[in-house]
Amino acid sequence: MELFGRHAETAALAGLLDRAADGAGSGLVLWGEPGIGKTALLEYAVEAASDATVLRCRGSRMEAGLAFAAPPPTGRTRTSPRCWSGPPSSACGAARVRWRPARWRRAAELSPTPAAAGRRLAAAARAAWDAGQAETARQLLEDAERLCGELPVARLSGGLRGILEFASGMPERAHRYLVCDMAVVAETRRAVELGTVAVRAAWSAGRPDLQQEALQQVRGVDADGDPALAELLPVLRNWWACYDQTGEVTPTLLGMASGTVGRLGAAAWELLPPVPLVQAWGIEGGLLDVLRVQAAQLRRRHELAALAVVRSQTAVLDLGAGRWDAAEAAAAEGLRLAEEVGADHVATQCHSSLGSLAAARGDGRAVAEHTSRILRVSVPRGVRVPSAAAYWHRGRAALFDGRPQEALSDLLSLAEPGHEAAHPTCALFAAVDTVEAAVQVGNADVVEAQVVMVEEWAQRTGATRARAAGHRLRALVQGGSAAETSFRAALDVAGAAGDPFEYGRTRLLYGEWLRRARRRADARLQLAGAAEIFDRLGAEPLRARALREQALTERPTAPRVPGPPTAAGLTAQELRVARLAAERLTNREIAAQLLISPRTVGHHLANVYPKLGITSRADLARIDFEEP
């Protein structure tokens, strides 16, 4: 739009808008009699900087019929400069200017210098990201960099290039940009935000070296000049300690007052840690409240990309607390938003939560769909956390479906150096499944290493889930009274019932152990409790398993009969082999006890399975071989 003969006004407008784009507060008041051209100046301002929000546009009573009077709302965008038309006493007729890429580019073309055009394009890129247009934001950044260079644009956009790479699932590239841009952004708070995301990106990529490098840099930022940020530093430093590979700093569980929750809720999502990491340390308390406050504010501001991130993290917390319906709703919303804005990495996080739910519910088709979509995005880009989660969910689905060997194959990948799914945090969480699968198939070599890893985790963190898991796994590999002591210790850990799914699994395993020990009344109590938990959650495979075990406490299915075949059709030798296999001995160990060859043990087991109506070694643990 050209305004002829009004060079003084347009020059003043250009200067005001340039200062606003640089972060200076600016306001524009157009005052005068009707018909002198206020509408033309206002339209020029809106076109020249379409990141403007028209806050007052009704005009006086005399101007009510003019073109600029109270236009209808046409959209919403987060903006910098604000323009007023009409007398200050006018009623506030708020209207939002629709975000249009063409206007941004036109505004840049109208800029007097390449530097000014670059500033406007950088501001436009930030507004595009906030509005959920990731690809457009990327294009605008590239255009701005051609005019101004990378570092000036990084400063003007607040380090947006690294955020875009992180959201799209390129963690190592994101880390490189974010660490670099920490040094050029103007605000201390923004430098801390970028550094926090840089550490998170390195963690996501499974790169402890880059993780430690970024952690040192973000800890070195001087926040004394920002009192609001300084108030948050105790909580932030505690979260950062979760990343520390040196062990010099240990995070602790901090109580969050409502004021702290409110301040964190008003802060940028970039300051928050990844939920699985703080869960591993047992310091997630208060984080759900922060995420809920953030989600509400982001909805009001219509910042779709950030809202997708927050909802993906909320789903993980809801999953761990047994709020599965809420988790599913959060993950589904986050996935929809992430796909809408082109945030591939955030979408994989949402698929991960949905895949975890599907595994626990016994929906094999959904598990395959969600994990395939995760791996299709994450593996080529080297994003280890979602890749590890996909293998974990596949392994859990197989384990709950009674396929322990298949489960073990997937689960061991998480701790295999160099594997596309190897990640230390995910391997810790999956250890409870890895050990259970290994015990069922008789792989003693795997079991002890995994148990020690979890016990060290519990000793270092003191986290509730780690301590409960350590006791439970030790119970699986012990015998006699020591096993029962460990089962009881797992159930008695303070707060263990706060994760109802894992608490129910402990009760199920304890109930199975009690049944094999011929303590049927005690077994029924634990198994009934486990079945009730799984029924409430909708975990059908484990609910069915608990009910089958409970039914076995009512009658023996394979009574011991010496000499001739048993009532179940087993010979005495087959019965001896089956009993030892049910106690989780390997073929080699059974052969040593019975003075036969491992091949003969395998032959006997091949005869046992069809006679008992089972299909795998894992099913032997559910058969009662003793007299009632």
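Trp324, Phe400, Phe501 and Phe534 form one aromatic cluster. Rings of Phe, Tyr and Trp, the last by its six-membered ring, pair here if their centres lie within 6.5 Å; planes under 30 degrees apart are stacked, over 60 edge-to-face, and the rest tilted. This is a predicted model, where local features need pLDDT of at least 70 and side-chain atom pairs count only at pLDDT 80 or more, while totals for chains, interfaces and linings use all residues. Residues are numbered from 1 along each chain as its sequence is written, and side-chain values use heavy atoms, with hydrogens and water left out.

Phe501 also touches, among others, Ala360, Arg396 and Leu542, leaving aside residues up to four places away in sequence; contact means heavy atoms within 4.5 Å.

Now the other rings. By the pairing rule there are 8 aromatic pairs. Phe429 and Trp457 have ring centres 5.9 Å apart and planes at 75°, so they are edge-to-face. Phe429 is in helix H21 (residues 424-441) and Trp457 in helix H22 (residues 444-461), so this pair ties together parts 28 residues apart in sequence. Helices are DSSP runs of H or I, at least four residues, numbered from the N terminus. Phe429 has 13% relative accessibility and counts as buried; Trp457, at 8%, is buried too. Buried means under 20% relative accessible area, exposed over 50%, partly exposed in between, with a 1.4 Å probe and protein chains only.

Tyr510 and Trp513 make a stacked pair, 6.4 Å centre to centre with 25° between the planes. Both are buried. They sit 3 residues apart in helix H25 (residues 500-516), so about one helical turn separates them.

Methods. Helices (H or I, at least four residues) and strands (E, at least two) are DSSP runs, numbered from the N terminus.
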